[in-house]
Amino acid sequence: MKISKNFELEEFWKSPTASKYGIDNTPSEVAQVHITKVITEVMQPIRDLLGVPLIINSGYRCPSLNVKVKGAATSKHLQGLACDFTLGDRVRNEAAFKKIEAMGLKFDQLIDEYDYTWIHVGISTTPYRQQILHLK
Ligand SMILES: [Zn+2]
């Protein structure tokens, strides 16, 4: 289902890892509502800002998939409240991260994961923290 100009809901739970291990990564209705908010509140504004396609590495993760990818037990991906994406390489991800930091977007967390290997952006069901982190 198309949610915004550039994003479809299903893109946020399709997972090669889930397929490989036969994991059904279909989110609950609540998680689908969260994913819709991730698209409209952060992903589409970021896509509009950057003007280039964003490759989604990981959106929603069911508990089994989260274990497989060694996600944190409290990961926002478990609730459909976060998305990991890349523009294709670290150089472009770093430049994008700086533009996102400067755009005045409301988010819970914006994380540079492993020297810009990918970017994590998340929202929350509690007040957004506007937290910016760099993980090495
Ligand atoms: Zn993430």
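View 1. In sequence, the donor residues of the zinc ion follow the spacing H-x6-D-x35-H. The two histidines link distant parts of the chain: histidine 77 sits in the loop between α3 (63-68) and β2 (82-86), and histidine 120 in strand β4 (residues 118-122), 43 residues apart. Helices (H or I, at least four residues) and strands (E, at least two) are DSSP runs, numbered from the N terminus. This is a predicted model, in which local features need pLDDT of at least 70 and side-chain atom pairs count only at pLDDT 80 or more, while totals for chains, interfaces and linings use all residues. Residues are numbered from 1 along each chain as its sequence is written, and side-chain values use heavy atoms, with hydrogens and water left out. The protein donors are His77 (NE2), Asp84 (OD) and His120 (ND1), at 2.0 to 2.1 Å from the zinc ion. Donors are N, O and S atoms within 2.8 Å of the metal (3.2 Å for Na, K and Ca); water is not among the atoms, so the site may look incomplete. Histidine 77 and histidine 120 are both buried (buried means under 20% relative accessible area, exposed over 50%, partly exposed in between; 1.4 Å probe, protein chains only).

**View 2. The largest pocket.** The largest pocket holds about 560 Å³ of space. On a 1 Å grid over the protein atoms alone, a pocket is an open set of points where a 1.4 Å probe fits, with protein on both sides within 12 Å along at least five of seven lines; lining residues have an atom within 4 Å of a point. Grid points are joined across faces, edges and corners, and the volume is the space filled by probe spheres set on the points. The lining has 30 residues, of which Arg61, His77, Asp84, Glu113 and Trp118 are the closest to the pocket centre. Two of these, His77 and Asp84, are also zinc donors. Two or more lining residues come from each of α1 (16-20), β1 (55-58), β3 (109-113), β4 and β5 (131-135). Strand β3 gives the most, with three residues. By class, the lining has 12 nonpolar, 12 polar and six charged residues. Ala, Val, Leu, Ile, Met, Phe, Trp, Tyr, Cys and Pro count as nonpolar, Asp, Glu, Lys and Arg as charged, and the others, Gly among them, as polar.

**View 3. The largest nonpolar core and isoleucine 46.** The core has 33 residues, and those touching the most other members are Phe12, Val42, Met43, Ile46, Leu54, Phe85 and Val121. Elements giving two or more residues to this core are α2 (29-50), β2, α4 (90-102) and β4. Helix α2 gives the most, with eight residues. A nonpolar core is a set of buried Ala, Val, Leu, Ile, Met, Phe, Trp, Tyr and Cys residues joined through side-chain atoms within 4.5 Å. Isoleucine 46 is found in helix α2 and counts as buried because its relative accessibility is 0%. Leaving aside neighbours within four places in sequence, isoleucine 46 is in contact (heavy atoms within 4.5 Å) with Leu54, Phe85, Ile100, Met103, Leu105 and Val121. Isoleucine 46 and glutamate 29 are 17 residues apart in sequence and 25 Å apart in space, C-alpha to C-alpha.

**View 4. Two buried loop residues.** Aspartate 108 lies in the loop between α4 and β3 and, at 1% relative accessibility, counts as buried. Glycine 59 and glutamate 10 are 49 residues apart in sequence, with a C-alpha to C-alpha distance of 9.6 Å.

**View 5. Positive phi and an exposed helix residue.** Lysine 70, in the loop between α3 and β2, has a phi near 60°, a positive value in a residue other than glycine. Lysine 70 counts as exposed, at 75% relative accessibility. Aspartate 115, in the loop between β3 and β4, also has a positive phi, of about 55°, although it is not a glycine. Aspartate 115 is partly exposed, with a relative accessible area of 38%. Valine 91 belongs to helix α4 and is exposed, with a relative accessible area of 66%.
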